[in-house]
Amino acid sequence: MALHVPKAPGFAQMMKDGARYFSGLEEAVVRNIKACKEFAQSVRSAYGPNGMNKMVINHIEKQFVTSDAATIIRELDVEHPAARLMILASQMQDSEVGDGTNFVIILAGALLDASEELIRLGVTPTEIAEGFEKGLERALEILKSLVCYTVKDNRDVKEVTQAIKTSIESKQYGNEDFLADLVARACISILPEQTSFNVDNVRVCKILGSGLLSSQVVQGMVFKRHVEGEITQAEDAKIAIYSCPVDILQTETKGTVLIKTADELMNFSRGEENLLELQIKSIADAGTKVIVASAKFGDMALHYVHKYNMMAVRLNSKFDLRRLSKTVNGTVLPKLSTPSPQELGYCDLVCVEELGDTPIVAFRQKGKESRISTILIRGASDNYMDDIERAIDDGVNTFKGLSRDPRFVPGAGATEAELAVRLLEFADTLPGLEQYAIRKFATALEAFPKALADNSGLRSQVILEKILDAHLNGQKNVGVDITAENSLVDVVEKQIFDLYQAKFWGLKYAVDAASTILRVDQIIMAKRAGGPKARGPQGSDDES
């Protein structure tokens, strides 16, 4: 008979075997703070134009080399519950603004790091969290007064390029002028008159070979594939789009055909062919020059498509089919029927081109404006082009932000330094314990100029002292100069601007995450659900 071992009295007694339970300041709060500090420290070195890249290999062994925090946290499977709260805040920033994910994680980590010292001195986590929230209110008030640049016309390429350059510079330092110009032209060409700007309307197509400076903007869409037949070009083309195969139609119900003579067999197959020819002839008679389908073209159908001098393109993705229908202003038809004039799309030029050794099909609109534009990226490796795509994505999201709210605040750590100085002044006016939390909030904001200086190989403490001194003397646009040794820069002169919305939401989400983590005093982890043991990698001789 098995001996029953009683569990220790208390909370553990109520839980199943294998459950874990942590409570109290030391076990729960400080433990969470340490985990979040470690995580924030790892992405801090990726902040700014000179940020270091991280090599991330995800659960399916795909490799990423990037300094983009959004990609790093998406591909890392972080298990710690408190660190995951920071990641959720960062992902909210990504979906709201599309940029500034690293800002949220670094600020939340710095706030928690600063709060650890206060906890050791005896201030309760709730008081610290309340102080942080009060500091946030004040910081958002100050932020409005720091606006230093506003985009007056979001259809002016020069003005927009200037505004989005900084967000691209943080990922692709050195190529920002070229990429900002590409992004500005692509975004402005599809900017609608009334409705809001849609990020999905700027597509990116990556083609190996050549160099980044061979990249270009195409009004319309580009697909990495070949056409189905011999005809490779159509000008002023009307386009029929089908989401079904272009082939002999299958009947919906099964039937049996009894054929007794050879003539009947010949007539039966000829009847199918004639029917197919009539269908394709009627499509051609409607003025169609290009047929696009999401499924296969039958051999006989392709023969008739050629006979009536039409171009055949196959797109496997239903999403590509939808985007193309939007580009050419056509309707996707579910079965092989004759399109009406309203259902046909129109494109100035559909052609097959070859870039490097990659064949592409381009649907080009010759006007200056279109519904969808594509940025063709050229580069030497897939990893490099992936990183360029992430920089372009940041630029497009910044354009979306400025089309809603065209205000910008100083970049290069100037905004954070000014907020830190003004929050310290605000803390002096408060009588309660909250003043200590607000002082620590100001200290946490100083992490950004320090990170920019550290990642650029400069002496961060010296630069931070110089910047804070300048801000105390009323120079609110002074930031870190990453190009010169231990010197400062006027960011308005150098045109280094950050989107107001990115800073606004970044501060909000970081403080929310830090306050939530500070208010946790117990961690209860249930036993993991059972299941078979994960298989080891191939070639592993681990038999256990």
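This is a predicted model: local features need pLDDT of at least 70, side-chain atom pairs count only at pLDDT 80 or more; totals for chains, interfaces and linings use all residues.
Me: What makes Glu116 part of helix H5?

Reply: A helix is a DSSP run of H or I with at least four residues, a strand is a run of E with at least two, and both are numbered from the N terminus. H5 is the run of residues 101–121, and Glu116 lies in it.

Me: Why is Glu116 called buried?

Reply: Buried means under 20% relative accessible area, exposed means over 50%, and partly exposed is in between (1.4 Å probe, protein chains only). Glu116 has 10%, so it counts as buried. Of the 21 residues of H5, 17 are buried.

Me: Which residues does Glu116 touch, leaving out those up to four places away in sequence?

Reply: Glu116 touches Val30, Ile33, Lys34 and Lys37, where contact means heavy atoms within 4.5 Å.

Me: Why is Gly51 called buried?

Reply: Gly51 has a relative accessible area of 17%, and this value therefore falls in the buried class. Gly51 is found in the loop between helix H2 (24–44) and strand E2 (54–57). The C-alpha atoms of Gly51 and Ser456 are separated by 7.6 Å, although the two are 405 residues apart along the chain.

Me: What makes Asp177 and Lys165 a salt bridge?

Reply: The rule asks for a side-chain nitrogen of Lys or Arg within 4 Å of a carboxyl oxygen of Asp or Glu. In this pair the closest N and O atoms are 3.5 Å apart. Asp177 lies in helix H8 (residues 176–189) and Lys165 in helix H7 (residues 157–169), so the pair ties together parts 12 residues apart in sequence. At 47%, Asp177 is partly exposed, whereas Lys165, at 19%, is buried.

Me: How many salt bridges does this rule give?

Reply: The count comes to 19. Among them is the bridge between Glu416 and Lys503, with the closest N and O atoms 3.3 Å apart. Glu416 lies in helix H13 (residues 414–427) and Lys503 in helix H18, so this pair ties together parts 87 residues apart in sequence. Both Glu416 and Lys503 are buried.

Me: Where do Arg390 and Asp387 lie?

Reply: Both are in helix H12 (residues 382–404), 3 residues apart, which means a separation of about one helical turn.

Me: Which members of the largest nonpolar core touch the most other members?

Reply: A nonpolar core is a set of buried Ala, Val, Leu, Ile, Met, Phe, Trp, Tyr and Cys residues joined through side-chain atoms within 4.5 Å. Of the 107 residues in the largest one, Leu107, Phe197, Ile375 and Leu507 touch the most other members. Helix H18 (residues 500–518) gives the most to this core, with 12 residues.

Note on methods
Residues are numbered from 1 along each chain as its sequence is written. Side-chain values use heavy atoms; hydrogens and water are left out.
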